[in-house]
Amino acid sequence: PDIVDKNALRLDVTVKSGRNLKLRWWQRMIDPFHMRVDAFVSLETSRHAFGYEAFSSERTTTILADDNGNVEWAQGFSFVVPDGSESETGSGGHSGRGILTLAVYDRHTILGDKDFSGKFEVNIDKLTVTKEKTFQKQIFHFGNNGSLSTEICLRKLTEETIDMRLRKDLNPQEVEVVAKRKKICRNAISKLLGKDILPDKVPVVSIVASGGGFRTMTAITGSVQGLKETGLLDCATYFASLSGSTWYL
């Protein structure tokens with residue numbers, strides 16, 4: 001069964017380029033040695049509850065560009081937003097599709113990230129929903145003849161327009177692998193228990209390893225070796241890892 005929200009929209013934003021990205025006078029005065037522009041763009045979608053700040057939000061950034069004020073990012077981003085007009089009110093007391101906020105920043109390791117432009121807000125309710133992937137060019141201007149060039153597209157969220165698979169059932173390839181693994185797990189569990197177990201009684205066992213750099217990598221090496229020697233490793237269908245433990249795998 002399909003679980004794609006029929007009331008959801010896909011918002012595609014391409015950050016094309018920045019022009020005349022110059023440090024402000026007070027930035028040059030505070031740090032006269034910081035002459036290079038290390039620019040990046042922040043993108044955030046947010047919805048608001050009545051009387052409160054952001055009810056829900058999603059933020060991302062472009063890569064950091066080391067350039068002399070003129071940057072070509074050409075980076076694309078995708079967001080999922082609700083398809084609700086300004087007059088519609090959903091559960092939780094919020095309304096509308098939300099706001100897309102963009103800002104151009106300069107990265108400074110000492111002073112922190114300082115924006116060139118202030119924040120540009122795009123009311124997603126005002127964007128036209130298109131059937132095809134049709135981009136609308138939008139250029140935002142700020143002081144010292146600076147500008148940020150973008151392309152924005154808003155369309156219905158379907159299985160054809162989403163980059164990831166959204167379903168309640170397993171992928172057919174995963175079903176095939178799990179079925180093969182189930183036979184190995186059944187034999188291993190039966191051996192440990194000293195009795196045969198029925199195919200429909202085979203549990204799904206998962207091993208989960210945490211992160212922690214080299215310490216975790218070393219620890220999980222010993223742990224997996226122990227699981228293998230005792231026969232417990234063959235009882236597991238899934239193995240999930242994070243960071244340092246992934247290095248071992």
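Tutor: Leu170, Val175, Val204 and Tyr238 form a nonpolar surface patch of about 350 Å². A patch takes residues with over 30% relative accessible area and no salt bridge, with like charges joined within 9 Å and nonpolar side chains (Val, Leu, Ile, Met, Phe, Trp, Tyr) within 5 Å. The areas are from the Shrake-Rupley method with a 1.4 Å probe, and for residues only the protein chains shown count as cover. The model is predicted, so local features need pLDDT of at least 70 and side-chain atom pairs pLDDT 80 or more, while totals for chains, interfaces and linings use all residues. Residues are numbered from 1 along each chain as its sequence is written, and side-chain values use heavy atoms, leaving out hydrogens and water.

Helices (H or I, at least four residues) and strands (E, at least two) are DSSP runs numbered from the N terminus. Val175 is classed as partly exposed because its relative accessibility is 43%; the cut-offs are under 20% for buried and over 50% for exposed, with partly exposed in between (1.4 Å probe, protein chains only).

The side chains of Asp196 and Arg186 pair at 3.2 Å, N to O. Arg186 is in helix α2 and Asp196 in the loop between α2 and β12 (206-208), so this pair connects parts ten residues apart in sequence. Asp196 is exposed at 57% relative accessible area, and Arg186 is partly exposed at 25%. A salt bridge here is a side-chain nitrogen of Lys or Arg within 4 Å of a carboxyl oxygen of Asp or Glu. The whole structure has five salt bridges.

Elsewhere, Asp12 has two partners. One is Arg10, at 2.8 Å from N to O; Asp12 and Arg10 are both buried. Another is Arg155, at 3.4 Å from N to O. That pair spans 143 residues, with Asp12 in strand β1 and Arg155 in strand β11. Asp12 is buried at 4% relative accessibility, and Arg155 counts as buried at 10%.

Ala74 is not a glycine, yet its phi is positive, about 50 degrees. Ala74 is exposed, with 57% relative accessible area. Asn20 likewise has a positive phi, near 55 degrees. Asn20 sits in the loop between β1 and α1 (25-30) and is partly exposed at 30%. Most residues other than glycine have a negative phi.

Thr134 lies between β9 (129-130) and β10 and is partly exposed at 41% relative accessibility. Beyond its neighbours within four places in sequence, Thr134 contacts Ile152 and Cys153, where contact means heavy atoms within 4.5 Å. Thr134 and Cys153 are 19 residues apart in sequence, with their C-alpha atoms 5.9 Å apart.
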